Amino acid sequence: MARCPRPSPSFTLEQLALLPLCGVPGHRAIRTSGLEEVGGRALVLQGHDGVGAIAVQELAALKVHVTVQIPFDNSAPDGDNNKSSLRGLAAREENLRVAEQRVRLWGASAVQIGDPVTAMESCADNAFDFVVDTVGGKRVWEAARRVLSAHGQFTTLVGDVGASDAASG
């Protein structure tokens with residue numbers, strides 16, 4: 001029996017309390033993948049944070065080739081091109097750079113930037129054995145069907161979110 005190490009000082013008590021909310025669904029999704037025995041190729045939508053981040057780390061630990069989709073909007077807010085908008089864009093670009101660096105440290109071997117549907121459209125047909133959907137919606141499912149291999153598995157942690165589909169914009 002080993003003693004549990006003290007929590008990292010980089011996490012607040014509130015962050016530690018929320019960890020199971022991400023960890024349990026992420027772990028259950030990976031357990032259903034069947035990739036534990038065979039390895040393979042996985043795509044994790046929005047794998048840079050939350051439940052997707054947990055899934056990325058667990059898949060990488062299983063020696064799965066993991067591709068992470070990270071959203072990014074490079075348009076100026078409200079079409080505005082003033083200095084504050086440019087500073088905002090520079091901050092979003094820096095956040096994207098940090099997120100990409102972080103997922104690669106977690107074991108991701110590839111990163112797709114953009115909204116989930118666009119990211120999957122840039123992938124080859126049958127590119128993945130497993131897709132972890134943390135976004136939801138019919139458009140995401142339809143795009144994922146094309147990138148899944150013949151015996152691939154699509155696991156959504158959100159479901160069909162209907163007309164308010166986060167990936168439709």
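# Briefing on a predicted single-chain model

Leaving aside neighbours within four places in sequence, valine 68 is in contact (heavy atoms within 4.5 Å) with Val44, Gly47, His48, Val56, Val103, Ala108, Ala110, Val111 and Gln112. The model is predicted, so local features need pLDDT of at least 70 and side-chain atom pairs count only at pLDDT 80 or more, while totals for chains, interfaces and linings use all residues. Residues are numbered from 1 along each chain as its sequence is written, and side-chain values use heavy atoms, with hydrogens and water left out.

**Overall architecture**

- The chain has six helices and five strands; these are DSSP runs numbered from the N terminus, with helices being H or I of at least four residues and strands being E of at least two.
- Along the sequence, the elements follow the pattern α-α-β-α-β-α-β-α-β-α-β.
- Of the 169 residues, 34% count as buried, where buried means under 20% relative accessible area, exposed over 50%, and partly exposed in between (1.4 Å probe, protein chains only).
- Among contacts with a separation of 6 or more, 61% are accounted for by residues 24 or more positions apart.

**Nonpolar cores**

- The largest nonpolar core has 18 residues, and those with the most contacts inside it are Val44, Leu59, Val66, Val68, Ile70 and Phe130.
- Two or more residues of this core come from each of β1 (41-45), α3 (50-61), β2 (65-70), α4 (83-105) and β4 (128-133).
- A second, separate core of 14 residues includes Val135, Ala143, Ala144 and Val147.
- A nonpolar core is defined as a set of buried Ala, Val, Leu, Ile, Met, Phe, Trp, Tyr and Cys residues joined through side-chain atoms within 4.5 Å.
- In soluble globular proteins, nonpolar side chains tend to be buried together.

**Residues in and around the largest core**

- Valine 66 is located in strand β2 and counts as buried because its relative accessibility is 0%.
- Beyond four places in sequence, valine 66 is in contact with Ala42, Val44, Val56, Leu59, Ala60, Ala108, Ser109 and Ala110.
- Valine 66 and glycine 40 are 26 residues apart along the chain, and their C-alpha atoms are separated by 8.6 Å.
- Glycine 47 lies in the loop between β1 and α3 and, at 0% relative accessibility, is likewise classed as buried.
- With neighbours within four places left aside, glycine 47 is in contact with Gly52, Ala53, Val56, Val68, Gln69, Val103 and Trp106.

**Largest pocket**

- The largest pocket has a volume of about 340 Å³, the volume being the space filled by probe spheres set on grid points that are joined across faces, edges and corners.
- A pocket is an open set of points on a 1 Å grid over the protein atoms alone, where a 1.4 Å probe fits, with protein on both sides within 12 Å along at least five of seven lines; lining residues have an atom within 4 Å of a point.
- The lining consists of Phe11, Gln15, Leu16, Leu18, Leu19, Cys22, Gly50, Ala53, Ile54, Gln57 and Trp106.
- Helices α1 (13-31) and α3 each supply at least two lining residues, and α1 gives the most, with five.
- The lining divides into eight nonpolar, three polar and no charged residues; Ala, Val, Leu, Ile, Met, Phe, Trp, Tyr, Cys and Pro count as nonpolar, Asp, Glu, Lys and Arg as charged, and the others, Gly among them, as polar.

**Aromatic pair**

- The ring centres of tryptophan 141 and phenylalanine 154 are 5.0 Å apart and the planes lie at 55°, so the pair is tilted; planes under 30 degrees apart count as stacked, over 60 as edge-to-face and the rest as tilted.
- Tryptophan 141 in helix α6 (residues 138-147) and phenylalanine 154 in strand β5 (residues 148-156) are 13 residues apart.
- Tryptophan 141 is partly exposed, at 35% relative accessibility.

- Glutamine 46, in the loop between β1 and α3, has a positive phi near 55° and is partly exposed at 24% relative accessible area.
- Asparagine 126, in the loop between α5 (116-121) and β4, has a positive phi of about 55° and is partly exposed at 45%.
- Most residues other than glycine have a negative phi.
- Serine 149 lies in strand β5, is buried at 16% relative accessible area, and touches Arg41, Asn126, Phe128 and Asp129, not counting residues up to four places away in sequence.

Note on methods:
Rings of Phe, Tyr and Trp (its six-membered ring) pair if their centres lie within 6.5 Å; planes under 30 degrees apart count as stacked, over 60 as edge-to-face and the rest as tilted.
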